[in-house]
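Hello,

Here is the structure I am handing over to you. Please open it first, then read my notes below.

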Amino acid sequence: MTLEQQDKQYVLQTYARDYTNFVKGVGSTLYDENGRDYIDFASGIGVNSVGHGNEKLTQAICEQAKNIIHISNLQVIEPQAKLAQRIVELSGYDMGVFFANSGAEANEGAIKIARKYGETKFENKRYKIITLEHSFHGRTITTVKATGQESFHTPHFSPYPAGFSYEKSIEDVYKAIDDETVAVLIELVQGEGGVQSFEKEEIQKLAAHLKAEGILLIVDEVQTGVYRTGEFLASNLYEIEPDIITLAKGLGGGVPIGAVMTKHKDVLSAGDHGSTFGGNYLSTSAGLAVLDVLEGLYESGAIAEVHLYFEQKLEAMAKKYNTLFKKEVGLGLMRGLRAKSSDIQGAIIKNSLKEGLIVLKAGRNTVRFLPSITISKNEIDKGFERFEKAISSL
Ligand SMILES: *Cc1c(COP(=O)(O)O)cnc(C)c1O
């Protein structure tokens, strides 16, 4: 039985999967079972923030695994408390952290905090949450409903929880607010929806308005967080102070972890929320190692430098191949090339893999780039050489 047959027979087929069998990774280079190398411009959808085989991360995981992998949240967990402090200090906000295991779960936590806030702070129970069209917030029944893409709300899984509505633009959010609105949930750069960033000014204006109205601003930083856009959080880059922030993808460097942080530290009390695995020794030790690596690179200016380098390469591609691309989109190392059609998008992703390069899709026509924050210039050069080979025949 081949690996592909085994997968098809025994794994539920919920993904339209590629069957290249990767067996090793070093930095931003992956090797398949035949020893062929691929440049990784996807980093496991923005997860492998410090690349593959990072020494600090693997050492931290191995050392922790030899000691304690897991003890329940009924006991205090030292690396969890350390990671919470570290995240709060890096963010610059006075917040408390709850640890979960994924982005969707972090957003579930955010929604629970908002709902209880709505119940306790207002005379009528406020419960409505406004999100944006083209947003993505997860795959659980609630977060799929929070996701502002109609295609996700298939009747297969109905009924969905009530209280979510979607607006076309930030401008439309103001009009949608009513006296049952408790929160607005947004990504500052929409990832899955097409690598679409919002203007700093319009976000700052919205944040100020929500604050004045007593409505919570929840920023989903599952993809934008952990230095992806250049600062520790995209909220730092936009210079806003959200009420609730969620993190996941890049935080554990590949070890599953999610986090919801809020300045409303006393909304949830004992018994209101919990998780068996969330914030265990292994995942939070991994998080600490990831932040050790990335904070050093940030402080030395290396992250800003690699962003600029990647951006220049991407701009050159957008310009040279303007028959294929409408424009370049995104921020930091969360980037996209908006193709002129979804056929072009599909062909580029397929051809890239043939040339030994992994890129992602986003939205209907965007080719997405989410490399590791630690990617080297040499790997960027090699990746774009392969990218050019992949698109030059189109
Ligand atoms: C990936 C993503 C999620 C979902 O994260 P999971 O870990 O897959 O549950 C939620 N929000 C955003 C913005 C994401 O990019």
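Helix H4 covers residues 78-91. Its 14 residues should span 20 Å at 1.5 Å a residue, and its end C-alpha atoms are 20 Å apart, so the two agree. The expected span is 1.5 Å times one less than the number of residues. Helices here are DSSP runs (H or I, at least four residues) and strands are E runs of at least two, both numbered from the N terminus.

This is a predicted model: local features need pLDDT of at least 70, side-chain atom pairs need 80 or more, and totals for chains, interfaces and linings use all residues. Residues are numbered from 1 along each chain as its sequence is written, and side-chain values use heavy atoms, without hydrogens and water.

Several H4 residues are buried, including Leu-83, Ile-87 and Val-88. Buried means under 20% relative accessible area (1.4 Å probe, protein chains only). The buried residues of H4 pack against helix H10 (281-300) and strand E4 (96-100), among others. Contact here means heavy atoms within 4.5 Å. Just after H4, Gly-92 has a positive phi of about 80°.

Now the ligand. Residues around it include Ser-102, Asn-107, His-137 and Lys-249. Near means a heavy atom within 4 Å. Helix H5 (residues 103-121) gives the most to this shell, with three residues.

Polar contacts (N or O atoms within 3.5 Å) come next. A polar side-chain atom of Asp-220 lies 2.8 Å from a ligand nitrogen. A polar backbone atom of Ala-104 is 2.8 Å from a ligand oxygen.

Best wishes

Definitions and conventions: Polar contact = N/O pair within 3.5 Å; in protein donor to acceptor, adjacent residues only side chain to side chain. Buried < 20%, exposed > 50% of the residue type's maximum accessible area, 1.4 Å probe, protein only.
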